[in-house]
Amino acid sequence: MTRRRAVMAGGAAVAAVGLGAAVATTASAGETSASAASATPSAAASSPSGEVCYRLTSETTEGPYYIDADKIRKDITEDREGIPMTLRLKVIDSESCKPLAKAAVDIWHCDALGIYSGYESSSGGGGGTPPTGTPTGTPPTGSPTGTPPTDAPTGAPTGAPTGAPPGGGHQEPTDDERYLRGTQLTDRHGFVEFTTVFPGWYRGRCVHIHTKVHVGGKLTDAGYEGGHTCHTGQLFFAEEAVLAAAEVAPYNTSTTERTTLDEDGIYPGNGAQGGLLNLTYRKGRIGKGVVGSLTLGVDPDATHDGTDL
């Protein structure tokens, strides 16, 4: 049995003792930081074996809207409106806690109104101002005429949602848009940084960002090629930050019912290990911008493409 497998068998208890639980703190006057503990290289200093540092980030489904677009870029915003967001991720080997350099990190997410690029006609967002006031016009009068139907309805119902559920079942793209999608290679310290917007929400899912980590490939003129996907996960947002964002345009025009973090069927509920971001923003002024960060602990020898969950 390899040391990685032996540590896995020991599992969560070791990680919990070494890393602690999720906490929420106030970073400074007027600044809010929703913080969750995550594995860090410094943890290895007190344990030569590195076991205290062992904390794999949870694997989740790829979802229906992944596109291997190979857009190598830092700024993925394009023309999307929304709260400016800087996303900083660090990728480490969960056994040794050493940073993984030249790993390709993909991220993709919906816009402020729940729409995914490449799937504008099928993703489940909704926007616009809800109707107000009382109905106008003359209401119908009289009794219905004609003979009522006697048979039971046949065939499939009309008007029901179609396609894959929000959690999985890949769909082919329906358009050529590719906003809010991008890939970057980690630097020698394991870091990548993206410029994007705070995601919105759509039916059945809490606010989230999808991510994949690929290793063993190389950057070519066509994009990142070869290697394998060692991690497929999702990054999640504390409810406090989502509620604050929902007060800001264009999020406040959404007519889609929102699913909370606790109601979500995919978030594993275990803080940073499950992908819960550390979010920093000015209290009462989230519209000015948000910084999200997380350390992703991955097993570079494993393959997790997220299509079998």
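**View 1. Buried cysteines.** C230 counts as buried, at 0% relative accessibility. C110 is buried as well, with 1% relative accessibility. Buried here means under 20% relative accessible area, exposed over 50%, and partly exposed in between (1.4 Å probe, protein chains only). The number of disulfides is zero, a disulfide being a pair of cysteine sulfur atoms within 2.5 Å. The model is predicted: local features need pLDDT of at least 70, side-chain atom pairs count only at pLDDT 80 or more, and totals for chains, interfaces and linings use all residues. Residues are numbered from 1 along each chain as its sequence is written, and side-chain values use heavy atoms, with hydrogens and water left out.

**View 2. The chain as a whole.** Three helices and ten strands make up the elements of the chain. These are DSSP runs, helices being H or I with at least four residues and strands E with at least two, numbered from the N terminus. Their order from the N terminus is α-α-β-β-β-β-β-β-β-β-α-β-β. The chain has 309 residues, of which 46% count as buried. Contacts (heavy atoms within 4.5 Å) between residues at least 6 apart in sequence join residues at least 24 apart in 80% of cases.

**View 3. The open sheet β5-β4-β7-β8.** Four strands form this open sheet, in the order β5-β4-β7-β8 and with antiparallel pairing. Because β5 (181-185) and β8 are at the edges with a single partner strand each, one side of each has no neighbour in the sheet. On average, neighbouring strands of this sheet are turned by 20° against each other, direction ignored. Axes are lines fitted to C-alpha atoms, for helices over the stretch in contact, and angles run from 0 to 180 degrees between N-to-C directions. Strand β7 (residues 208-220) pairs with β8 in the antiparallel sense over twelve bridges; two strands pair if DSSP finds at least two bridges between them. V213 is placed opposite H231 of β8.

**View 4. Aromatic pairs.** The structure contains seven aromatic pairs. In one of them, F236 and Y267 are tilted, with 4.8 Å centre to centre and 55° between the planes. F236 belongs to strand β8 (residues 223-236) and Y267 to the loop between α3 (239-245) and β9 (278-282), so the pair ties together parts 31 residues apart in sequence. F236 and Y267 are both buried. Ring pairs also link Y65, Y116, Y119 and Y202 into a cluster. Rings of Phe, Tyr and Trp (its six-membered ring) pair if their centres lie within 6.5 Å; planes under 30 degrees apart are stacked, over 60 edge-to-face, and the rest tilted.

**View 5. Charges over tyrosine rings.** The charged end of R80 sits over the ring of Y179, at 3.8 Å from its centre. K212 lies over the face of Y66, 4.9 Å from the ring centre. The criterion is NZ of Lys or CZ of Arg within 6 Å of the ring centre and within 35 degrees of the ring normal.

**View 6. Backbone exceptions in loops.** Most residues other than glycine have a negative phi, and most peptide bonds are trans. E78, in the loop between β2 (31-34) and β3 (84-93), has a positive phi near 55°. E78 is partly exposed, with a relative accessible area of 42%. K102 lies in the loop between β3 and β4 (104-108) and has a positive phi of about 60°. K102 is exposed, at 63% relative accessible area. The peptide bond from A249 to P250 is cis, with omega near 0°; P250 is in the loop between α3 and β9.
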